[in-house]
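Hi everyone, thanks for making time. Let's have a look at a protein model together.

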Amino acid sequence: MISDREQHPRRSVHADASAWGEMLAAAYRDIADRSMRDLPIFNEALSVEAIGFRAREGRVVGMMVTPWFMNVVTRMRDGTSQSSPGTNLRLRLPAGDIEFTVSELAPVGSIASYSLFSPMFEFEDMASARATAEAVLAALMSPANRAASHGPDAPNITPIDRRTFLRGVQTERRA
């Protein structure tokens, strides 16, 4: 008998990525309820949401929005040598290299995160936080952004700088 994964490998990979994003969101919802809600960095107008989780070159990557942060998050591959918490890990996305920080999150396991916003008081509602997360993820997954920043006339740049990247995304959204 042929498994669903063998019959529909792309759908299964996407479903696995989406399911992992939801498992990550559930872990952060638990943290929100248990220990974050009463802290001054908690934005009551927001909720926890996994946005756009997908498989990308053997990794699951997406955006995690919580009432206290917005991060690009990826699942650590099993057996990754640089997977101890606190370690920085440079990963290549279509738009360029990003330096993630590795951490451990029960029950999810090892994850790597790249912080975009914290705290989240710039966002009045979940719709604006979601729109920003979607725009950032689209920009990170666009090879055109890498080509523009790494072409023959481009300056020599190191990994993506969070402020510069967000200014570009925000400018692009306003235009």
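Residues are numbered from 1 along each chain as its sequence is written, and side-chain values use heavy atoms, with hydrogens and water left out.

On pLDDT, the predictor's confidence in each residue, from 0 to 100, the protein chain averages 82, and 71% of the residues score at least 70. Helix α3 (residues 126–140) is highest at 97, while helix α1 (residues 4–7) is lowest, with a mean of 46. Helices here are DSSP runs of H or I, at least four residues, and strands are runs of E, at least two, numbered from the N terminus. Residues 3–11 stay under 50. Where pLDDT is low, the predicted coordinates should not be read in detail.

Now, which residues have the most contacts inside the largest nonpolar core? Among them are Met-63, Val-72 and Phe-100, in a core of 27 residues. Such a core is a set of buried (under 20% relative accessible area, 1.4 Å probe, protein chains only) Ala, Val, Leu, Ile, Met, Phe, Trp, Tyr and Cys residues joined through side-chain atoms within 4.5 Å. α3 gives the most to this core, six residues.

Finally, Ser-142 sits in the loop between α3 and α4 (143–150). Leaving out residues up to four places away in sequence, Ser-142 touches Pro-94 and Ala-95 (contact means heavy atoms within 4.5 Å). Ser-142 and Ala-95 are 47 residues apart in sequence, yet 5.6 Å apart in space, C-alpha to C-alpha.

Definitions and conventions:
This is a predicted model: local features need pLDDT of at least 70, side-chain atom pairs count only at pLDDT 80 or more; totals for chains, interfaces and linings use all residues. Buried means under 20% relative accessible area, exposed over 50%, partly exposed in between (1.4 Å probe, protein chains only).
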